[in-house]
Amino acid sequence: MREAELRRVLLVKAIEDEDRDGTLIPVADRVAAAREARRDAASAEVDDEALLAARAARLASKIVARHPFVETVSALVAGPAWIGWLLIAIAFLFGIALSALDGTRRINILAFALFGLVLWNLAVYAIVALDAQRPAPEAGFVRGGLPAWLAAAGLAQASRLIARSRTFNAHLAQALGRFTSQWYAAARPLLLWRATRLFHLCAAAAGIGLIAGLYVRGIALDYQAGWESTFLDAPQVRRVLAVLYGPASWLTGLAIPDAERLDAIRWRDGVGGEGAARWIHLLAATAAIFIVVPRVLLALLATLAIARWSARSPLPPELAGYFRRAFGAAGAIERGIATVVPYAYDPGAESLARLRTLLPAELGEHLATDVQVPVRYGEEDAFVASLRGSEGGLADVVVLLVSLAATPEDENHGAMIAGVRDCLAAARPGTQLLVLVDEGPYAARMNAAGGAASRVDERRKAWREFVSARGVAPWLADLST
């Protein structure tokens, strides 16, 4: 699914999730859009993603026709382009300012401003290399910090617009707030790559500004180049310049003067220096070698990552259930099976009855619920082996049912979740895996003992983080009500 299609699907989904009674999108429109998408796809080979995108396109057009500002919110969360251009322009002007930092008509060939920029960029390249060794989900240093702030800039603008909209349509504003959070969670890698590209382009713009400023100064004014230092003599300066300008000298063919010549152009009592043309070329070439070219190449790599993500956006796990709800209500898909596997938990009859009501409502009314015998602690490997032997079974959804009363642990809960996840990915990639955490027993125990609500909240947070860290959608519900 393409980025724009995913954004549209998540927008429509957020509105439908919030608008259960059909105030914003009438139920008849939802059913009609699903049927039309299925009918149009009858003569072509399309997958579930294409059907969702086609249905969302129909419903989104109706929403925008009634509430035009929704389209503005959708565009803002993709990232405001003007911020990028503004920052690039500021960086360019910063580079120009660096070229005339001392405000005189003299160019110090030791170029401390350039030397500082080169060191900063070399440090960034080293960090980029370290970040490349990190696992893919981790942002790292370069794609964290400022890029992470830039990635959230569009969402901040969208949030302000949504806040203003609460005065005339609080229901829709609530749905759009849900959309922005879901979009950020789904598209965070894309937003970080875009911000990373902007980060590199700003650095390149600063280098280009420095080069432009040097040449404008050299063309419009008569500049002299030289050096002065309290601690360095001419041979030492020659060694420093050989390091700083060595690559530029090799590239341009301009030789770095020897120590005798350098001593002759040393400023003493305001006297000394030489025509700055050679040094401007060396300064510009150094900026291009160490700043502009590497940063442009890194920006191009980020652009490739952006293009790959935009062309084939990874789908959030919850869209599988959303697809069944959307098309099952229209009778556009066959009846499926949801297999429930209680793990280290033996739910009561009332909880199972509540579960059989809850699953079709959340995952699609066409689903039949099949509750299996509970799996005990220590039986994880045997269960995964049996699941692998049946090639994942016939289930469209596998729900691991656990209790909030249990503390999540790597050696059992983690092994069970990861084992089922990997087995389904290998045998039945289309099968959705959810971890349903029943809050009922633990909440009842805390209430009976007079326990604080914060204990329940802490356990909820622990389970959400534990399950999400394994790439599976957590779902917390109270099956006792």
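**Note on ring contacts and a strand pair**

1. A search of the whole structure finds three aromatic pairs (rings of Phe, Tyr and Trp, the last by its six-membered ring, with centres within 6.5 Å; planes under 30 degrees apart are stacked, over 60 edge-to-face, the rest tilted). One of them joins Trp 463 and Phe 466, edge-to-face, at 5.9 Å centre to centre with 80° between the planes.

2. This is a predicted model, in which local features need pLDDT of at least 70 and side-chain atom pairs pLDDT 80 or more, while totals for chains, interfaces and linings use all residues. Residues are numbered from 1 along each chain as its sequence is written, and side-chain values use heavy atoms, leaving out hydrogens and water.

3. Trp 463 and Phe 466 are both in helix H18 (residues 453-468), three residues apart, about one turn of the helix. Helices (H or I, at least four residues) and strands (E, at least two) are DSSP runs numbered from the N terminus. Trp 463 is buried at a relative accessible area of 0%, and Phe 466 also counts as buried, at 10% (buried is under 20%, exposed over 50%, partly exposed in between; 1.4 Å probe, protein chains only).

4. The charged end of Arg 295 is 5.2 Å from the ring centre of Phe 199. Arg 459 lies over the face of Tyr 442, 4.5 Å from the ring centre.

5. Strands E7 (residues 432-438) and E8 pair in the parallel sense over five bridges (pairing requires at least two DSSP bridges). Leu 434 has Ala 473 in E8 as its bridge partner. Strand E8 (residues 473-477) is largely enclosed by the rest of the structure, because four of its five residues are buried.

Definitions and conventions:
Lys NZ or Arg CZ within 6 Å of the ring centre and 35° of its normal.
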